[in-house]
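These are my notebook entries on one protein structure. I begin with a single residue and then move on to the wider picture.

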Amino acid sequence: MALGVRLLLLLALWTLAVPARSLREAGDGGWRRPGPGAPAAVAEEERCTVERRADLSYAEFVQRYAFSRPVILQGLTDNSRFRDLCSRQRLLALFGDSVVRLSTANTYSYQKVDLPFQEYVEQMLHPQDPFSMGNDTLYFFGDNNFTEWASLFQHYSPPPFSLLGAGSGVPFHWHGPGFSERWFLYPPAKTPEFHPNKTTLAWLRDTYPALALSARPLECTIHAGEVLYFPDRWWHATLNLDTSVFISTFLS
């Protein structure tokens with residue numbers, strides 16, 4: 001493990017922050033439900049402040065980004081087959097009866113709830129109430145044993161870098177460096193102002209507008225197929241602009 005770190009990899013597979021194509025196509029994987037529905041909770045940021053790179057070598061990645069700043073990586077792998085398999089219809093058909101563990105959307109994810117995947121998708125995937133607290137908001141991420149999902153994950157190709165971490169999301173926290181919807185990031189020495197039991201949506205509504213430009217985070221919205229890398233111990237919060245599917249991979 002040349003760099004001596006543990007990574008979190010977050011790859012956006014389905015994200016509806018960009019205009020959805022016809023449901024007859026695989027443009028949104030069926031995650032945008034027909035009917036009037038509620039619009040996305042928020043829009044994308046006015047200007048992305050994280051650099052995007054589509055031609056990054058491993059050597060340059062280590063030199064410029066691995067220990068110092070975030071970067072959005074493009075075109076690393078072709079996961080179109082895996083993306084197709086993550087459509088709403090296919091996941092429900094294959095894993096609807098599988099029991100999944102949900103986490104609360106606060107900084108420490110205090111509460112855990114177990115229920116069938118189909119129940120979560122059909123009853124709980126709806127736009128978040130902007131006034132709900134983090135402990136009242138459940139989402140499906142982490143704390144799960146995905147052995148029974150092996151038939152799906154065998155089609156996933158992780159990015160090649162070997163470093164030897166709608167309206168829903170997770171408020172500010174930190175852990176190991178990560179690859180990975182709208183993101184807000186602060187360096188380790190710049191602790192953000194936030195309440196650990198308020199959602200990212202509430203923080204964006206109540207705190208973000210009053211921040212001086214110099215106090216604002218780096219931010220950017222990643223789209224399907226993009227990967228966001230951020231170094232060790234960076235503070236980060238996420239906000240899904242609509243129903244999104246993504247995968248995380250821990251690498252050692």
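Does Ala43 count as buried or exposed? I looked up its relative accessibility, which is 53%, so Ala43 counts as exposed; here buried means under 20% relative accessible area, exposed over 50%, and partly exposed in between (1.4 Å probe, protein chains only). I found Ala43 in the loop between strand S1 (7-14) and strand S2 (52-53), where helices (H or I, at least four residues) and strands (E, at least two) are DSSP runs, numbered from the N terminus. Leaving aside neighbours within four places in sequence, Ala43 is in contact with Arg182 and Leu241, contact meaning heavy atoms within 4.5 Å.

Before going on, I noted that this is a predicted model, in which local features need pLDDT of at least 70 and side-chain atom pairs count only at pLDDT 80 or more, while totals for chains, interfaces and linings use all residues. Residues are numbered from 1 along each chain as its sequence is written, and side-chain values use heavy atoms, with hydrogens and water left out.

**Entry: the whole protein.** I recorded six helices and twelve strands, and of the 252 residues, 47% count as buried.

**Entry: the cores.** I then looked for nonpolar cores, each a set of buried Ala, Val, Leu, Ile, Met, Phe, Trp, Tyr and Cys residues joined through side-chain atoms within 4.5 Å. The largest has 18 residues, and those that touch the most other members are Leu91, Phe95, Phe117, Tyr120, Val121, Trp149 and Leu152. Two or more residues of this core come from each of helix H2 (80-85), helix H3 (88-95), strand S4 (99-104) and helix H4 (117-124). Apart from it lies another core, of ten residues, including Trp203 and Trp235. For Phe95, leaving aside neighbours within four places in sequence, I listed contacts with Phe117, Glu148, Trp149, Ser151 and Leu152.

**Entry: aromatic rings.** Rings of Phe, Tyr and Trp (its six-membered ring) pair if their centres lie within 6.5 Å, and planes under 30 degrees apart count as stacked, over 60 as edge-to-face and the rest as tilted. A search of the whole structure gave me ten aromatic pairs. In one of them, the rings of Phe184 and Trp203 have centres 5.2 Å apart and planes at 70°, so the pair is edge-to-face. Phe184 lies in strand S8 (residues 182-186) and Trp203 in helix H6 (residues 200-206), 19 residues apart, so that I noted a link between distant parts of the chain. Trp203 also forms an edge-to-face pair with Tyr208, at 5.7 Å centre to centre and 65° between the planes. Phe184 and Trp203 are both buried, and Tyr208 is buried too.

**Entry: salt bridges.** I counted ten salt bridges, each a side-chain nitrogen of Lys or Arg within 4 Å of a carboxyl oxygen of Asp or Glu. Glu226 bridges to Arg52, the closest N and O atoms being 2.8 Å apart; Glu226 is buried, with a relative accessible area of 7%, whereas Arg52 is partly exposed at 30%. I also returned to Arg182, a contact of Ala43, and found that its side chain meets Glu219 in a salt bridge (2.7 Å, N to O). This pair links distant parts of the chain, with Glu219 in strand S9 (residues 218-221) and Arg182 in strand S8, 37 residues apart, and both residues are buried. Lastly, I noted one network, in which salt bridges that share partners join Glu51, Arg53, Asp55, Glu60, Arg64 and Arg69.
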